[in-house]
Amino acid sequence: MSRAWNFSAGPAAMPEDVLKRAQQELLEWNGARASVMEVSHRGKAFMEMAARVEADLRELLDIPSSHKVLFLQGGATQHFAQVPMNLCADGQRADYIVNGHWGEKAASEASAYASPHVAASSKADGYASIPERGQWDLDPKAAYVHITTNETIHGVEMHDIPDVGDVPLVADMSSDILSHPLDVSKFGLIYAGAQKNIGPSGLVVMIVRQDLLERHPRPLPRIFRYAEYAAADSMLNTPNTWGWYLAGLTFQWLKGQGGLAEMDRRNRAKSELLYAAIDDSDGYYRNRVQATARSRMNVIFNLRDAALEPVFVAEADKAGLLALKGHRALGGVRASIYNAVPFEGVRALCSFMAEFQRTHG
Ligand SMILES: *Cc1c(COP(=O)(O)O)cnc(C)c1O
């Protein structure tokens with residue numbers, strides 16, 4: 001049995017080195033005479049590991065001391081609701097920039113606690129672009145401005161951090177965190193579900209500016225308050241210890257590979273190769289996203305003959321190229337090429353595409 005190239009959008013491929021290390025340490029972790037899943041999160045060994053994981057993430061992203069790092073649960077979706085719960089007074093306006101499925105969902109989930117205002121949207125072009133910054137209808141009194149830096153389903157990525165003045169910028173970075181260096185100081189709050197670029201599902205990494213933790217817009221049970229997690233080093237209750245551990249292995253792997261500058265270089269090279277394969281196919285393959293907004297993580301495309309798309313996906317699977325079926329909302333093909341998908345995997349996909357076009361053209 002051998003592992004195939006995995007283009008799953010999420011839960012997604014993890015670095016093979018990380019999986020092997022986890023396998024080696026599975027039965028006995030760190031001299032504990034038990035696995036990492038079987039020891040107390042309040043024990044010295046786990047606490048030391050947790051601190052090291054945070055330190056590694058801080059180093060990778062160069063996170064300033066003004067920002068706390070939290071390890072949470074609930075997936076990104078829970079935080080679509082929990083962010084406004086923590087940051088907005090009842091009915092207070094929060095501005096949402098919507099350039100795809102997830103931003104739409106984030107805005108809709110916010111409405112129980114805030115007045116989400118869609119300050120800009122690219123829905124009119126089927127989410128094939130990022131709305132021009134000059135057209136955003138922002139309120140300087142809004143609780144925050146929410147963006148989705150990479151839209152995993154629509155294959156659209158915001159390549160520049162927008163300037164939104166003094167209003168805190170909140171970003172769902174579930175599918176592009178750690179794919180390139182980032183100026184964290186420009187953000188009030190960043191959150192990311194782990195299952196795309198960090199590790200297994202069930203873990204959420206949040207980076208939040210201290211002053212935002214001091215907002216008390218409403219009484220909340222402690223378990224929903226980010227400030228309580230910050231005060232308890234993310235151990236308010238039992239955390240996802242396995243996810244935290246694997247995230248740590250991924251961070252070490254990233255450091256060993258040359259950090260985020262190297263990831264940026266590789267992700268550019270991988271996505272450029274794949275977009276070139278699409279663009280140079282004489283229209284056999286097509287990507288409809290505006291050139292400047294094309295995602296480096298999720299490359300979506302259609303075949304000229306849509307009837308061949310399921311054939312393409314099935315034959316690719318047989319050829320060892322997994323999970324290329326587009327999201328059910330869009331159809332077509334989607335290749336997710338996160339950090340853990342190597343250049344060779346993308347090259348294999350490009351060769352398969354050329355061969356498929358030759359034999360089904
Ligand atoms: C996958 C994804 C989500 C949803 O994550 P869950 O962990 O399933 O809640 C939200 N936003 C983005 C950008 C995603 O890629």
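An oxygen atom of the ligand sits 2.4 Å from an N or O atom in the side chain of Thr152. That is a polar contact: a pair of N or O atoms within 3.5 Å; within protein, one must be able to donate a hydrogen and the other to accept it, and residues adjacent in sequence count only if both atoms are side-chain atoms.

A word on the model. It is predicted: local features need pLDDT of at least 70, side-chain atom pairs count only at pLDDT 80 or more, and totals for chains, interfaces and linings use all residues. Numbering runs from 1 along each chain as its sequence is written, and side-chain values use heavy atoms, with hydrogens and water left out.

Back to the ligand. It has 13 residues around it, each with a heavy atom within 4 Å. Thr77, Thr152, Asp172, Gln195 and Lys196 are the closest. For the side chain of Thr77, an N or O atom is 2.5 Å from a ligand oxygen.

Now the domains. Domain 1 is 17-256 and domain 2 is 259-360, with bounds from an automatic or database domain assignment. Their centres, taken over C-alpha atoms, are 27 Å apart.

What do the two domains bury between them? About 2,100 Å², 55% of it on carbon and sulfur atoms. Buried area here is the accessible area (1.4 Å probe) that two parts lose on being put together, summed over both.

Across this interface, 15 residue pairs are in polar contact, both residues at pLDDT 80 or more. Salt bridges number zero, by the rule of a Lys or Arg side-chain nitrogen within 4 Å of an Asp or Glu carboxyl oxygen.
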